[in-house]
Amino acid sequence: MDRMLSAGLATTIAVAVGVVVPAGTATASGGTFAPAEYLPTGSTATNAVAVADVTGDGRQDIVVGVDAVDGTQTSSVLVFAQRADQGFAPPTRIVAHGGYNSDVRLAVADLDGDGRTDVALSSSAGIDLLYQRNGRLAAPVLVAGSGAADVSIADMNSDGRPDLVVSARHGEVRIHPQSTTRTFATYTSVTGPFIDGAPYSRVFAADLNGDARLDVAQFYGHGTWVRLRRADGSYGPATTYRTPANSNGYHRLSSGAAVGDVTGDGRADLVTSVNGNMPDAAVQVFGQGGTGLAATPTRYPAYEIPAGLAIGDLTGDGRADLVVAHHNWRTVSIHLQQPTGLLGGYTTNTVDAVGAQQDALAIGDVTGDGKPDVVVVSYDKVAVLRQL
């Protein structure tokens with residue numbers, strides 16, 4: 001995840017297709033951050049970060065996913081527990097099962113219904129589940145084997161038990177329902193189209209057409225395909241959302257995606273970054289209307305090379321804001337949602353070694369002062385942007 005602090009653009013940037021929004025300045029009601037503080041992970045393969053109370057003390061901790069850096073190692077999970085003094089305990093490392101070059105991702109939720117937050121880690125080995133027990137995460141249980149590029153946790157069949165939604169490969173999402181015995185042995189595949197050479201894979205489970213059923217979306221860099229869940233439990237045909245084409249028919253690559261309500265209407269929207277340098281750099285919002293996501297996105301100018309995204313309410317005004325990581329530009333930017341339901345112009349914050357990881361941003365109060373902070377993967381460490 002990422003955070004930033006700086007002056008916004010003051011001009012309107014035109015594009016060939018899409019709705020263009022002026023890049024004004026951010027509101028003064030909050031969303032500013034102290035200089036980044038760094039927590040070393042000891043690994044150059046630090047790939048993912050999440051924020052959750054995984055120690056049972058009511059304080060939000062930092063959970064980090066670390067890939068194996070060579071063929072002799074396996075993936076692991078680090079926990080930086082938040083202390084009562086607003087600092088962090090030395091990290092606890094839990095060895096997982098993923099092999100070299102797993103590109104691990106994280107999801108956090110109460111999987112077993114005991115009121116405590118658990119962790120899922122996707123890797124080349126499958127999904128490791130780390131259940132919270134006695135104030136710590138227990139040793140991982142490997143489920144949904146044969147490899148996984150990403151994982152989400154959601155109750156897809158409305159039986160009251162969270163299920164695993166796994167990006168198995170480009171064009172395939174596997175839904176592993178949780179059984180009454182808390183296992184995930186079986187799965188149903190939901191497939192969609194993708195373009196060869198797809199560089200990324202992310203999976204989302206959200207109600208994307210307002211019918212109170214959870215739908216499936218897979219982001220793959222060249223676009224995002226969405227399949228809406230029908231009343232009978234099947235999925236409708238795939239619809240693909242891409243960056244608008246220019247006059248030559250060229251679609252820019254998207255380097256990150258997130259799902260959340262960034263338009264203030266209570267509906268989940270799809271947000272993707274648009275790769276490039278200014279003035280081509282942008283974030284685009286496929287807002288949800290009455291029957292689904294808009295075919296044409298609203299485009300917001302962004303700082304250089306926008307990549308990973310995170311959505312959350314940073315200012316406590318009840319509106320979800322957007323955090324953007326900027327690959328190789330030592331920057332995390334903030335777009336605050338305005339009362340109009342539009343995103344304001346960005347502010348920037350300096351963070352060393354911002355990468356292109358898809359799961360490298362998280363939002364949460366990791367300093368115990370009641371204000372959401374931003375946590376970002378920073379090469380061989382994580383950076384904490386403490387909100388002022």
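Colleague: What volume does the largest pocket have in this model?

Modeller: About 690 Å³. Bear in mind that the model is predicted.

Colleague: Which residues are the closest to the centre of that pocket?

Modeller: L106, A107, R202, F204 and D359, out of 30 residues that line the largest pocket.

Colleague: What makes a residue count as part of the lining?

Modeller: Having an atom within 4 Å of a grid point of the pocket. Strands 3 (46-52), 7 (105-109), 13 (150-154), 17 (202-206), 21 (257-260), 25 (306-312) and 29 (361-364) each put at least two residues into the lining of the largest pocket. Strand 17 gives the largest share, with five residues.

Colleague: How do the lining residues divide into nonpolar, polar and charged?

Modeller: There are 25 nonpolar, three polar and two charged residues in the lining of the largest pocket. Asp and Arg count as charged, while Leu, Ala and Phe count as nonpolar.

Colleague: On to the rings. How many aromatic pairs does the structure hold?

Modeller: Four. One of them is Y241 with F286, at 5.3 Å centre to centre and 65 degrees between the planes.

Colleague: Why is the pair of Y241 and F286 called edge-to-face?

Modeller: Ring centres have to lie within 6.5 Å to pair, and planes over 60 degrees apart count as edge-to-face. With 5.3 Å and 65 degrees, Y241 and F286 pass on both counts, so edge-to-face is the label. The pair also links distant parts of the chain, 45 residues apart: Y241 sits in strand 20 (residues 239-241) and F286 in strand 23 (residues 282-286).

Colleague: Why does Y241 count as buried?

Modeller: Buried means under 20% relative accessible area, and Y241 has 11%, so it qualifies. F286 is buried too, at 0%.

Colleague: What makes Y303 and W329 an edge-to-face pair?

Modeller: Their centres are 6.0 Å apart and their planes make 85 degrees. Y303 lies in the loop between strand 24 (298-301) and strand 25, and W329 in the loop between strand 26 (321-326) and strand 27 (331-337), 26 residues apart. Y303 and W329 form one aromatic cluster with Y346.

Colleague: Why is W329 called partly exposed?

Modeller: Its relative accessible area is 35%.

Colleague: How confident is the predictor in the protein?

Modeller: The mean pLDDT is 90, and 93% of the residues reach 70 or more. Over residues 1-29, though, pLDDT stays under 50.

Notes. Residues are numbered from 1 along each chain as its sequence is written. This is a predicted model: local features need pLDDT of at least 70, side-chain atom pairs count only at pLDDT 80 or more; totals for chains, interfaces and linings use all residues. Side-chain values use heavy atoms; hydrogens and water are left out. On a 1 Å grid over the protein atoms alone, a cavity is a set of points where a 1.4 Å probe fits but cannot get out, and a pocket is an open set with protein on both sides within 12 Å along at least five of seven lines; lining residues have an atom within 4 Å of a point. Grid points are joined across faces, edges and corners, and a volume is the space filled by probe spheres set on the points. Helices (H or I, at least four residues) and strands (E, at least two) are DSSP runs, numbered from the N terminus. pLDDT is the predictor's confidence in each residue, from 0 to 100. Contact means heavy atoms within 4.5 Å. Rings of Phe, Tyr and Trp (its six-membered ring) pair if their centres lie within 6.5 Å; planes under 30 degrees apart count as stacked, over 60 as edge-to-face and the rest as tilted. Buried means under 20% relative accessible area, exposed over 50%, partly exposed in between (1.4 Å probe, protein chains only).
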